[in-house]
Amino acid sequence: MVKKASAKKPASNGGAARSAAGALRIDIGISDKDRAAVAGGLSKLLADTYTLYLMTHNFHWNVTGPMFNTLHAMFMTQYTDLWNSIDDVAERIRALGHFAPGTYREFAKLTTISEPADVPEALEMVRQLVVGHEAVAKTARNILKVADAASDEPTADLLTQRLEFHEKTAWMLRSLLQ
């Protein structure tokens with residue numbers, strides 16, 4: 001008796017649906033359109049955060065004057081927080097099913113922050129960082145509205161944390177100018 005070859009069953013993907021292109025569909029209770037809108041906003045936040053990180057690190061390296069020790073240490077604390085938050089924002093974009101921007105070219109297109117043309121004096125550094133933190137806070141607040149409308153609580157939580165950091169940091173920097 002000859003055994004008939006049986007047809008192989010496709011490997012199980014745990015019940016996840018696939019798109020026409022074969023990619024796994026994301027079914028987390030947020031529509032494709034809303035995920036795209038939130039990811040687009042987070043891409044702007046990522047660009048603003050990265051640009052502010054670079055500016056803060058630059059100022060940390062190049063600050064001079066009577067407030068050197070204070071500003072050097074303060075800027076290091078700030079750029080460290082900014083650096084650590086970049087990964088959280090990028091990973092949230094990925095969790096929503098989109099690619100995170102990751103080049104200077106992409107960041108330059110997306111950021112709302114202007115980079116300094118040269119190395120400013122210490123208090124001008126502080127002023128520029130206040131403006132930068134306020135810009136990131138505005139970006140985060142705009143995305144928060146989109147995330148709330150999409151019932152995207154993880155993104156809203158991330159944005160709330162970022163808002164708290166940027167508003168507090170802007171206040172602390174502003175205090176140095178009074």
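1. Helix α5 has the following buried residues: Thr-155, Ala-156, Leu-158, Leu-159, Arg-162, Leu-163, Phe-165, His-166, Thr-169, Ala-170 and Leu-173. Buried denotes under 20% relative accessible area, exposed over 50%, and partly exposed the range in between (1.4 Å probe, protein chains only). Helices are DSSP runs of H or I with at least four residues, numbered from the N terminus. The cover over the buried residues of α5 includes α1, α2 and α4.

2. On provenance, the model is predicted: local features need pLDDT of at least 70 and side-chain atom pairs count only at pLDDT 80 or more, whereas totals for chains, interfaces and linings use all residues. Residues are numbered from 1 along each chain as its sequence is written, and side-chain values use heavy atoms, with hydrogens and water left out.

3. The length of α5 may be checked directly. Its 24 residues reach 35 Å from the first C-alpha to the last, close to the 34 Å expected at 1.5 Å a residue; the expected span is 1.5 Å times one less than the number of residues.

4. Leaving aside residues up to four places away in sequence, Arg-162 touches Asp-81, Leu-82 and Ser-85, a contact being heavy atoms within 4.5 Å. Leu-82 and Ser-85 are among the buried residues of α2.

5. Helix α2 (residues 68-95) has 28 residues and should span 40 Å at 1.5 Å a residue; the end C-alpha atoms lie 41 Å apart, which agrees. Its buried residues include Leu-71, Phe-75, Tyr-79, Ile-86, Val-89 and Ile-93. The buried residues of α2 pack against α1 (32-62), α4 (122-149) and α5 (153-176). Just after α2, Gly-97 adopts a positive phi of about 90°.

6. In soluble globular proteins, nonpolar side chains tend to be buried together. Here the largest nonpolar core has 43 residues, of which Leu-42, Leu-45, Leu-46, Phe-75, Val-89, Leu-129 and Leu-159 touch the most other members. Each of α1, α2, α4 and α5 supplies at least two residues of this core, and the largest share, 12 residues, comes from α4. Such a core is a set of buried Ala, Val, Leu, Ile, Met, Phe, Trp, Tyr and Cys residues joined through side-chain atoms within 4.5 Å. Leu-46 touches Ile-86, Val-89, Ala-90, Ile-93, Ala-100, Pro-101 and Phe-107, not counting residues up to four places away in sequence.

7. The structure holds 7 aromatic pairs. Rings of Phe, Tyr and Trp (its six-membered ring) pair if their centres lie within 6.5 Å, with planes under 30 degrees apart called stacked, over 60 edge-to-face and the rest tilted. One of the pairs is Tyr-50 with Trp-83, which is tilted at 6.5 Å centre to centre and 50° between the planes. Tyr-50 lies in helix α1 and Trp-83 in helix α2, so this pair ties together parts 33 residues apart in sequence. Tyr-50 is buried at 17% relative accessibility, whereas Trp-83 is partly exposed at 46%.

8. Tyr-53 and Tyr-79 form an edge-to-face pair, 6.2 Å centre to centre with 75° between the planes. The pair links α1, which holds Tyr-53, to α2, which holds Tyr-79, across 26 residues. Tyr-53 is buried at 11%, and Tyr-79 is buried at 12%. Ring pairs link Tyr-50, Tyr-53, Tyr-79, Trp-83, Tyr-104 and Phe-107 into a cluster.
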